[in-house]
Amino acid sequence: MNPKDQLTTLKGIGPRRGEILGRMGLFLLEDLLFYAPRDYRDYSVAKPVSTLAHGQEAAVRLTALAAPGLARIRRGLSVGTLRAEDEAGGRILLCWYNQPYRQGTVRAGETFVACGRVDRSRGIKLTNPALYPELPGILPVYALSKGLPQAQMRQTVKLALCACMPELRDGMPEALSARYRLCELGFALYNLHFPQSLDALQKARRRLAFEDMLLFRLMMHSFREQKVRPRGRRYILGGARAAYESLLPFVPTGAQQKAMADIERDLCGRRAMNRLVMGDVGSGKTAVAAYALYLAARSGFQAAMLAPTELLARQHYDALKAIFGEKELCLLTGSTRGAQRRQALEDLACGRAKIAVGTHALFQAGVEFFDLGLVVADEQHRFGVVQRAAMAAKGAAPDLLVMSATPIPRTLALMFYGDLDLSQMDELPPGRRPVITKLVPENKREDLYRFLEDRAAKKEQAYVVCPLVEPSESLEELKSATEVFKMLRARRGAKIGLLHGQMKEEEKRAAAEAFREGSVDLLVATTVVEVGVDVPNATAIVIENAERFGLSQLHQLRGRVGRGEKESYCFLLTGEASGSASERLKILCSTRDGFAIAKEDLALRGPGEFLGKHQHGLTGFAAMKLAMDLGVLDEAQAAAELVRSGAVSAPELLWRAEEKRRMLEEEIAVN
Ligand code: ADP
Ligand code: MG
């Protein structure tokens, strides 16, 4: 069958299963083929009972000691049991809760393989094991919707694989397969789901990730070739820099100067600016971003500044007010409503507002600009090609500046921002001292609070960041902002504020304001303060359950303090951190280089997770997530060069990249 056929045309997939699969975003056979398992169970080797560890997923070859029994413990709970032993005489009990049919028709003396989770809490058990006549090998585990059991999904995928195999077209040119040692597409897909070995799985993932990255690269390139700045849009640069710098309360650093010079150069060119400024947290990106806005406004056309949260949009609005005055500024976020919104829309449409500051609300349907010439996206490390294009659609090839505080290795940057030129800001403003970073065990919590309260008495402010908003039953070990807030307030040692994402916008604004003006000493918050928030008087940050956060994220959070010349602290509270968790956190104590930290993060978690995040809003490249290391990325990049330069002929790949681009453009058009 053709992989492009609807799933439901496959014999064995009825309308009901089709509907559930549809809910999971799977419509074509092809969707199913590329639906990567979220995990695997290695049932390729039988384990002796004596070696089984609690919690382990294992396959055991057993002989039944008696016929299965079934006990009704109480209404609604029945337990099926089967006693069995392995070759060495190791005995084990198999239990099925409320699944009387699962124990099947095993007879005493019969030999079979049982696969499931080991429970050693009392005796030794396998809970809800699946029984097979022989070892089933390595099995996929899929993320599923309700109503579709794992076993059925496996069977469905197998059906689809077998049906499509004969018509699968491998578009990878021989030259590339040979050069980069890529396995065939059919082998890759089969082994993605039902790996013959872990090695085969590795090969499969590499091949699929490689192909997606290669296509992505080719697609990005075709995006890049398009934009030319309209002739009418001229920037007036003479004397601009000096005039702008005289508005700033500080002297720009060398890195800031360099980035500003890069921007000036772009704005003189024929092509529209397409620049990414990557700078560590606290390096002063806002001043650089504002310079671009300043140049646009000075030259007589509109500019927009996009922030990831309302909090940040408002902060920028206030900061820009100090530079530009209120008259030509306009703030538009999701909570701008009614008359205010109507006024903002009108000001933007007729050109009265020169500089718009806002969230994604700025780029929704219904917002029209008079002559949008430049867009700045601040703190947009998850800002993909879709979002960039949606913004660009609001003007005639507007100049584009993206600011990111997540330094990433060059190969990754090229991958995701391959259509952008890069400025790197590798210098902090003078006088900054490293934030003193410490791991704090639970039994030192009281000392920590007393330390913070002493400092509050001296008007030194602090953040306390929690992973949750409300206490959660299923995540009992995690601290929530509301509970920490109540507890700290009850101590009466300092003035406590609360800020989290579930509060109303006005409440958030009031809380941020109170902290900024100093009427609150300790701000208990969630990661809403992760990026961009700038309150230079805050000199300490406490992070609850620090082991739950990624290193780069912790580095971002830490960047909320140490923004002035005062000594600052970052305290990482660790719940029940295992040895390896605190090892990981120690990296933060020893370096403040965001780039080094990001690299460490990548090495620890693999680029897959990272790539997943960066694909935000970008469908059709799911296999990129399968990358296990950065090597594939380098190779895919090199391969893209070969294809583009014509050294390798790959008409099908180019055609598919073009098709992906069209799909993306459609996606952008409907958004
Ligand atoms: P980020 O790069 O994290 O966005 P910000 O633009 O928020 O950094 O700047 C961090 C802090 O440093 C702000 O309080 C800002 O006013 C200050 N700052 C920026 N540039 C300089 C400079 N050249 N000299 C002194 N302070 C600066
Ligand atoms: Mg910033």
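I counted the aromatic pairs in this predicted model and got 13. I then picked one of them, Tyr35 with Tyr142, and looked up its geometry. The ring centres of Tyr35 and Tyr142 are 6.1 Å apart and the planes make an angle of 15 degrees. I logged this pair as stacked, since planes under 30 degrees apart count as such.

Next I asked which parts of the chain this pair joins. Tyr35 is in the loop between helix 2 (29–33) and strand 1 (39–43). Tyr142 is in the loop between strand 8 (137–141) and helix 3 (150–164), so the pair ties together parts that are 107 residues apart in sequence.

I moved on to ligand 1, which sits in the second largest pocket. I found 18 residues around ligand 1, and Gly282, Lys285, Thr286, Arg432 and Arg563 come nearest. Sorted by class, the shell holds 6 nonpolar, 6 polar and 6 charged residues.

I checked polar side-chain atoms against oxygen atoms of ligand 1. For Lys285 I noted a distance of 2.7 Å. Arg432 has a side-chain N or O atom 2.7 Å from a ligand oxygen, and for Arg563 the distance is 2.9 Å. Last, I looked up the cover: ligand 1 on its own has 570 Å² of accessible area, and the protein covers 85% of this.

Terms used: Residues are numbered from 1 along each chain as its sequence is written. Chains are lettered from A and ligands numbered from 1 in the order in which they are written. This is a predicted model: local features need pLDDT of at least 70, side-chain atom pairs count only at pLDDT 80 or more; totals for chains, interfaces and linings use all residues. Side-chain values use heavy atoms; hydrogens and water are left out. A residue is near a molecule or strand if one of its heavy atoms lies within 4 Å of it. A polar contact is a pair of N or O atoms within 3.5 Å; within protein, one must be able to donate a hydrogen and the other to accept it, and residues adjacent in sequence count only if both atoms are side-chain atoms. Accessible areas come from the Shrake-Rupley method with a 1.4 Å probe; for residues, only the protein chains shown count as cover. On a 1 Å grid over the protein atoms alone, a cavity is a set of points where a 1.4 Å probe fits but cannot get out, and a pocket is an open set with protein on both sides within 12 Å along at least five of seven lines; lining residues have an atom within 4 Å of a point. A molecule sits in a cavity or pocket if more than half of its atoms lie within 2 Å of its grid points. Ala, Val, Leu, Ile, Met, Phe, Trp, Tyr, Cys and Pro count as nonpolar, Asp, Glu, Lys and Arg as charged, and the others, Gly among them, as polar. Rings of Phe, Tyr and Trp (its six-membered ring) pair if their centres lie within 6.5 Å; planes under 30 degrees apart count as stacked, over 60 as edge-to-face and the rest as tilted. Helices (H or I, at least four residues) and strands (E, at least two) are DSSP runs, numbered from the N terminus.
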